[in-house]
Amino acid sequence: MSTVNRTTAAASFSVSFTVGLYGIAFGAAGIAAGFSLIQTCALSLLTFSGASQFAVVGVLGAGGSAISGIATASLLGIRNALYGMRMAPLLKIRGWKRLVGAQVTIDESTGVALGQSELGEPAMRQGFWLTGIGVYIFWNLFTIVGALGAQAMGDPAAWGLDAAVPAAFLGLVWPRLTNNRERALAVAAMALSFGLTPFVAAGIPIISTALLAVAFGWKARS
Amino acid sequence: MSQLWIAVLGTSLIAFGLKYFGHSVPEKYLSNPRVLRINTLIPIALLSALVAVQTFGDKSKLVIDQRVVGMSVAVIALMLKAPFPVVVIGSAAASALTFHYLG
């Protein structure tokens with residue numbers, strides 16, 4: 001790698017560490033939902049996409065089937081495909097490098113890369129790799145910490161873990177609510193999932209709200 | 001194989017497939033404005049539904065318990081622009097205290 005831009009390296013490190021810390025919440029959520037230590041760590045190593053990981057443990061923890069968990073997590077992972085398309089012309093990677101680059105294509109690596117555009121393309125590439133690999137390392141380390149901590153705690157409710165998981169979801173969705181359409185969709189999705197919960201299998205009330213997203217997004221804002 | 005392992009491996013396989021697909025297709029195929037718009041809204045719908053179900057759901061019932069107190073604290077923390085760890089820990093602490101003293 002050519003000389004590393006100090007500004008880019010600093011941004012990459014601070015994002016990697018801060019985001020990695022959320023891994024504690026995920027590790028704890030995995031255990032609280034009934035996943036084993038190995039399964040929780042496997043999700044961070046292999047899935048490596050925070051919202052998708054929280055979703056799959058959330059759906060199965062609420063009693064949903066593997067299929068509805070996978071489907072919900074996968075819908076949340078579609079945006080990584082869009083990031084990949086944005087990053088591919090910048091990175092120009094093939095073979096095993098493309099495999100690694102794809103695995104670390106997430107919100108943060110794409111975000112930091114795009115944030116370096118004023119410093120030029122080499123800085124953008126550095127931002128992508130440093131952040132992608134940095135988050136990967138910290139996210140997995142802190143997943144183990146959170147999972148071991150939760151195992152030591154016992155009853156999740158006694159430690160507030162049952163509220164920490166929805167609070168984490170709320171923290172993920174809150175910054176995305178930037179206009180009235182998005183806020184209306186959030187309220188509609190909550191209402192639909194409430195309305196369906198008593199009548200359909202667990203997991204279905206969550207994934208069915210994807211249809212609301214399609215309906216709300218079908219027309220451009222008038 | 002257990003449901004949990006199927007979920008872990010299935011989610012991981014599709015997650016990687018989506019990422020790799022993105023790196024392998026020309027940008028024009030998914031840059032349709034409607035696709036982009038819906039893609040921004042899908043996480044909002046799913047995450048909001050997860051907030052609702054995880055706060056009030058108990059199998060197929062809706063219940064009010066200590067989690068509501070935790071979530072109220074989370075909402076207040078977010079309105080005060082608190083950082084993510086403060087939101088999560090504050091919510092957990094409020095829920096745990098309620099569980100012990102009122103549960």
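Student: Where is Lys92(A) placed?
Tutor: This is a predicted model. In it, Lys92(A) sits in the loop that joins α4 and α5 (95-103) of chain A.

Student: Is Lys92(A) buried or exposed?
Tutor: Lys92(A) is exposed, because 11 other C-beta atoms lie within 10 Å and a residue with 12 or fewer counts as exposed.

Student: And what is its backbone like, that is, what phi does Lys92(A) have?
Tutor: The phi of Lys92(A) is positive, about 50°, although the residue is not a glycine. Most residues other than glycine have a negative phi.

Student: What about Phe48(A): what phi does it have, and where is its place?
Tutor: Phe48(A) is not a glycine either, and its phi is positive at about 45°. It belongs to the loop between α2 (37-47) and α3 (50-61) of chain A.

Student: Is Phe48(A) buried or exposed?
Tutor: Phe48(A) counts as buried, with 23 C-beta neighbours inside 10 Å. Lys92(A), by contrast, is exposed.

Student: Let us turn to helix packing. At what angle do α1 and α2 of chain A pack?
Tutor: Helix α1 (residues 6-32) of chain A packs on α2(A) at about 140°, and their axes are 9 Å apart. The two helices are therefore oblique to each other. The crossing in which α1(A) passes α2(A) is right-handed.

Student: Which residues make that contact?
Tutor: On α1(A) they are Gly23(A), Phe26(A), Gly27(A), Gly30(A) and Ile31(A). From α2(A) come Gln39(A), Thr40(A), Leu43(A) and Ser44(A).

Student: How about α9(A) and α11(A): how are they arranged?
Tutor: Helix α9 (residues 180-196) and helix α11 (residues 209-217) of chain A pack at an angle of about 150°, with 9 Å between their axes. They are therefore roughly antiparallel to each other, since the cut-off for that term is an angle over 145 degrees. The crossing is right-handed here. Among the contacting residues are Leu185(A), Ala188(A) and Leu192(A) of α9(A), together with Leu212(A) and Phe216(A) of α11(A).

Student: Changing topic: which domains does chain A have?
Tutor: The assignment gives domain 1 (6-176) and domain 2 (178-222). Their centres, taken over C-alpha atoms, are separated by 23 Å.

Student: How many residues are in contact between those two domains?
Tutor: 12 residues of domain 1 of chain A are in contact with 10 residues of domain 2 of chain A. On the domain 1 side, α4(A) gives the most, with five residues.

Student: And how is chain B divided?
Tutor: Chain B has domain 1 (1-29) and domain 2 (30-102). The C-alpha centres of these two domains of chain B lie 26 Å apart.

Student: How many residues does each chain bring to the contact between A and B?
Tutor: Chain B brings 62 residues and chain A brings 83 residues. On the chain B side, at least two residues each come from α1 (3-24), α2 (33-56), β2 (61-62), α3 (66-79) and α4 (84-102). The largest share of that side, 20 residues, comes from α2(B).

Student: How many residues does the largest nonpolar core have?
Tutor: It has 107 residues, and those with the most contacts inside it include Ala164(A), Phe169(A), Ala45(B) and Leu46(B). Helix α4 (residues 66-91) of chain A gives the most to this core, with 13 residues.

Student: What is Ala164(A) in contact with?
Tutor: Apart from neighbours within four places in sequence, Ala164(A) is in contact with Ala25(A), Ala28(A), Val88(B), Ser91(B) and Ala92(B).

Student: One more from chain A: where is Phe142(A), and what does it touch?
Tutor: Phe142(A) is in helix α7 (residues 121-153) of chain A. It is buried, with 21 other C-beta atoms within 10 Å. Beyond residues up to four places away in sequence, Phe142(A) touches Gly20(A), Leu21(A), Gly23(A), Ile24(A) and Gly27(A).

Student: Finally, how far apart are Tyr20(B) and Val69(B) in space?
Tutor: They are 41 Å apart, C-alpha to C-alpha, and 49 residues apart in sequence. Tyr20(B) lies in helix α1 of chain B and is partly exposed, with 19 other C-beta atoms within 10 Å.

Note on methods: Residues are numbered from 1 along each chain as its sequence is written. Chains are lettered from A and ligands numbered from 1 in the order in which they are written. This is a predicted model: local features need pLDDT of at least 70, side-chain atom pairs count only at pLDDT 80 or more; totals for chains, interfaces and linings use all residues. Domain bounds come from an automatic or database domain assignment. A nonpolar core is a set of buried Ala, Val, Leu, Ile, Met, Phe, Trp, Tyr and Cys residues joined through C-beta atoms within 7 Å. A residue is buried if 20 or more other C-beta atoms lie within 10 Å of its own, exposed if 12 or fewer, and partly exposed in between; C-beta atoms are placed from the backbone. Helices (H or I, at least four residues) and strands (E, at least two) are DSSP runs, numbered from the N terminus. Two residues are in contact if their C-beta atoms, placed from the backbone, lie within 7 Å. Axes are lines fitted to C-alpha atoms, for helices over the stretch in contact, and angles run from 0 to 180 degrees between N-to-C directions. Angles under 35 degrees count as roughly parallel, over 145 as roughly antiparallel, 65 to 115 as roughly perpendicular and the rest as oblique. A crossing is left-handed if the near helix is turned anticlockwise from the far one by less than a right angle, and right-handed if clockwise.
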